[in-house]
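Please look through the sequence and the model shown here.

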Amino acid sequence: MSRPRLIEVLTDLDLLHDDSTPAIRSWINRVTSHLAPGFIAPVRQWLLVLLNGDTRSRPRSASSIYVYFGCIRPFLDDWLTRYDHLREVTRSDIRAALGPLSGSRRATTTSALRSLFRFAKKRGLIFSNPTIGLKGRPADFALLPMADEEIRAIEQQADDLAGRVIIALAAENAARTGAIRHLTLDDLDLANRRITLAGRRQRLGDLSHRALRRWLRHRRATWPHTTNPHVLISDKTAHGTGPISQQFVTQRMNRIGCSIDRIRRDRILHEALAGGADPLHLSLVFGISHSTAARYSAVAEHLLADELDQTAPP
C-alpha cells in the first residue's frame, strides 16, 4: 500500500499519530545550519513564522518559502564573510545587493528582504530595519483598493439579476468578462458549491451562489424552452446557442460607473493583503502570471507596510 493511501486510511479511522518531521522543517534546519550564530536565529525563526504563520499573517506555502530563501541566500553568504550578526547589515548593503536585479526578480527579492528584516526588528533581534522605505518598484495606483463609494454603488445593483451574477463572479472569483460570457450550465455544480471558470475549477462563494440560483430561476421562468447552454442569456441569444455579447455586460456595468476589471483587480488585491503579499499564492488561486502577481504583491506590500507603521507601538 502506498504511503499517502495508508495515511488517508489511518486518518479516517482516527488511528494516525504522525510524529515524523515535515520535509520543509528538515529543509529549514539544513539550509540554516551553516549560518553564523548571529544569523541562524533570526533567519531560522523567520522561515518558521513564514511556515506556521502568526497572529498577523497566514502561513505561506512551501514553494513561497523556497523562493524567498533562494532569493536572499546569496546575500546571506556574502554578509557572513564580513559580519557576525544580521544587525550589522546596513542600508548600503541592501542597495548593493538589489542593484544588479530588475523586474519581477527584484520585486520578489525586495519583498523577501523586507519580510526578513521587519520580522527581526519586531522580535528585537536587530536594532534598526535597513529596508524601511525600500520599494521594489513604484506602487501601481491602478491597483489600489476600491473606494467606499464604488463599493456602495455596486451593492445598489439589485434589480438586474444578470448584472448581479456578473458582479458576484468578478467580486468573488476575479472572473474576466470573457469567462463570464462563456460560462455554461455544465460549468456549475451548485450542490457542491463549485464552478469552472476559463477551465479552472474553483470554489463558489455565497454571494455568487445566491445570485446564480436567483438568476437560474428567472432563466427557467422566462425562457423555459431555450436550448442555449450558456448561463447568461438574453432575449436575442435565448433563440440560439451563442453567448451574450460584450455590450450586454458593458451596459450593465456602465449603470454603476464601474468595470469588471476594476472589481476583479480589487478582489485579487484583497487576496494579496489577506495572504501577506504572496505572489505565488496569487498565481495559484487566480491563474495569473508571476509578473502580474508580483504587481499586486508590490501594492499589497506598500499597503501592509503603511498599516504596520501606523499600528506599531511608539
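**A walk through the chain**

Ser259 sits in the loop that links α11 (246-254) to α12 (260-274). This is a predicted model, and Ser259 in it is partly exposed because its relative accessibility is 34%. The side chain of Ser259 has a polar atom 3.1 Å from the backbone nitrogen of Arg262. Thr177 is 82 residues away from Ser259 along the chain, yet the C-alpha atoms of the two are separated by 9.6 Å.

Taking the contacts between residues at least 6 apart in sequence, 61% join residues at least 24 apart.

Helix α8 (residues 161-173) and helix α10 (residues 206-222) have axes that come within 9 Å and cross at roughly 155°. An angle over 145° counts as roughly antiparallel, so α8 is roughly antiparallel to α10. The crossing of these two helices, α8 and α10, is left-handed. On the α8 side, the residues that meet α10 are Leu161, Ala162, Arg164, Val165, Ala168, Leu169, Glu172 and Asn173. Their counterparts in α10 are Asp206, Leu207, Ser208, Ala211, Leu212, Arg214, Trp215 and His218. Sorted by class, the contact of α8 with α10 has nine nonpolar, three polar and four charged residues.

Helix α8 also packs against α11, at an angle of about 90° and with the axes 10 Å apart. Angles of 65 to 115 degrees count as roughly perpendicular, and α8 and α11 are therefore roughly perpendicular to each other. In this contact, Ala162, Gly163, Ile166 and Ile167 of α8 meet Phe248, Val249, Arg252 and Met253 of α11. By class, the contact of α8 with α11 has six nonpolar, one polar and one charged residues. Ala162 is listed in the contact of α8 with α10 and also in the contact of α8 with α11.

The loop between α10 and α11 contains His230. Is His230 buried or exposed? His230 is buried, because its relative accessible area is 8%, and the limit for buried is under 20%. The side chain of His230 makes a polar contact of 2.9 Å with the side chain of Asn228. A polar atom of the His230 side chain also lies 3.2 Å from the backbone oxygen of Thr241. Leaving aside residues up to four places away in sequence, His230 touches Arg181, His182, Leu183, Thr184, Leu185, Arg219, Thr241, Gly242 and Pro243.

Two residues in the loops between strands remain. Most residues other than glycine have a negative phi. Arg193 has a phi near 55°, a positive value in a residue other than glycine. Arg193 belongs to the loop between β1 (188-189) and β2 (194-197), and it is partly exposed, with a relative accessible area of 35%. Phi of Ala198 is likewise positive, near 55°, and this residue too is not glycine. Ala198 lies in the loop between β2 and β3 (200-203). Ala198 counts as exposed because its relative accessibility is 70%, and the limit for exposed is over 50%.

Key: Residues are numbered from 1 along each chain as its sequence is written. This is a predicted model: local features need pLDDT of at least 70, side-chain atom pairs count only at pLDDT 80 or more; totals for chains, interfaces and linings use all residues. Side-chain values use heavy atoms; hydrogens and water are left out. Axes are lines fitted to C-alpha atoms, for helices over the stretch in contact, and angles run from 0 to 180 degrees between N-to-C directions. Helices (H or I, at least four residues) and strands (E, at least two) are DSSP runs, numbered from the N terminus. Angles under 35 degrees count as roughly parallel, over 145 as roughly antiparallel, 65 to 115 as roughly perpendicular and the rest as oblique. A crossing is left-handed if the near helix is turned anticlockwise from the far one by less than a right angle, and right-handed if clockwise. Contact means heavy atoms within 4.5 Å. Ala, Val, Leu, Ile, Met, Phe, Trp, Tyr, Cys and Pro count as nonpolar, Asp, Glu, Lys and Arg as charged, and the others, Gly among them, as polar. Buried means under 20% relative accessible area, exposed over 50%, partly exposed in between (1.4 Å probe, protein chains only). A polar contact is a pair of N or O atoms within 3.5 Å; within protein, one must be able to donate a hydrogen and the other to accept it, and residues adjacent in sequence count only if both atoms are side-chain atoms.
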